[in-house]
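Subject: Structure handover

Hello,

Here is the structure you asked about. Please open it first, then read the notes below.

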Amino acid sequence: MVCLLSCGPTGCGALGSGNHRSGSIQSNVGNGARSRTRRGDPTGLESWSTFEIASSANTASWRARGHNIGALTDDECLQLLESQGVSVVPFREPPAAAVDTPVSLTGPIHGVEYQHVGRSAVHSVLDCRLVVALGIWSARLHAAGIEYVGHLSMLRPGARVSSTGKTSGHARGTAIDVRYLRFVDGTELDVFRHWTERTRGAPPCANYDETPESSLLRNLVCDAIDQDLFQTVITPHHDNRHQNHVHLELVPGVDWKYIR
Ligand SMILES: [Zn+2]
């Protein structure tokens, strides 16, 4: 039995106990149920999606979706983070030369700490726009009781997609490889160990007969997909290179999605 909390602006309650708010992520861990609802906003942080960009060509009522996030200018992006209380510092060093607005996080984003689990500090650098997308996801993760995301990398200078040779989002700091999600009670989900239903080529966001941990991990990732925060999402269903992480990438200027 994994104990989980759903914490939001008005307090915390147990997930899987019938104490769901309407529209929240439903984990059903421990009771064997397979149904889930991934619609709605469990966070109450409407400000992300109604933020008004004062000097923008965007319309006044701006929707926090991946396509719009990718279109933010440097100033708009930094202004948005400031308005949300997300603290970053510029990272203007040579390894980040290919990143439009390179920054480093100086603390948690809406209660969720992002930590690189490897050794290279440059892998913790990211583009401002990725911070925005992660910020919206973080508010939702926090509402589900998550306080920590362990990642394998964000910026990887010069990174290319191995299958195509094209420049990877990691080279621009617009992608993150998520491996661990940890709850406030210390329970940790590891993509490598807990994403157990990984039939090659199967859609990642479907209902499967799988362990509660696998289902919960899937729900949390698919919530980001449902919120339309990233254009490219690659899970362990895709290939061996993604057996231990989920690749989440913001791709500015495109209308397509690549969800595997
Ligand atoms: Zn990746």
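Helices (H or I, at least four residues) and strands (E, at least two) are DSSP runs, numbered from the N terminus. By that rule, the chain has six helices and twelve strands. This is a predicted model: local features need pLDDT of at least 70, side-chain atom pairs count only at pLDDT 80 or more, and totals for chains, interfaces and linings use all residues. Residues are numbered from 1 along each chain as its sequence is written.

Now the whole chain. Of its 260 residues, 43% are buried. A residue is buried if 20 or more other C-beta atoms lie within 10 Å of its own, exposed if 12 or fewer, and partly exposed in between, with C-beta atoms placed from the backbone. Two residues are in contact if their C-beta atoms, placed the same way, lie within 7 Å. Take the contacts between residues at least 6 apart in sequence: 64% of them join residues at least 24 apart.

Next, helix α4. It covers residues 128-143, which is 16 residues. From first C-alpha to last it reaches 23 Å, close to the expected 22 Å. The expected span is 1.5 Å times one less than the number of residues. How much of α4 is buried? 16 of its 16 residues are, so the helix is largely enclosed by the rest of the structure. Just after α4, Gly 145 takes a positive phi of about 100°.

α4 also matters for the core count. A nonpolar core is a set of buried Ala, Val, Leu, Ile, Met, Phe, Trp, Tyr and Cys residues joined through C-beta atoms within 7 Å. The largest one has 53 residues; among those touching the most other members are Leu 130, Val 132 and Leu 248. α4 gives the most to this core, with eleven residues. Val 132 is in contact with Ile 69, Leu 72, Cys 77, Leu 80 and Leu 81, leaving aside neighbours within four places in sequence.

There is also an open sheet. Its three strands run in the order β3-β4-β6, with antiparallel pairing. β3 (88-90) and β6 (126-127) stand at the edges with a single partner each, so one side of each has no neighbour in the sheet. Two strands pair if DSSP finds at least two bridges between them. β4 (residues 102-105) and β6 have two. Val 103 has Leu 126 of β6 as its bridge partner.

Last, Leu 189 in strand β9 (residues 188-190). Leu 189 has 19 C-beta neighbours inside 10 Å, so it counts as partly exposed.

Best wishes
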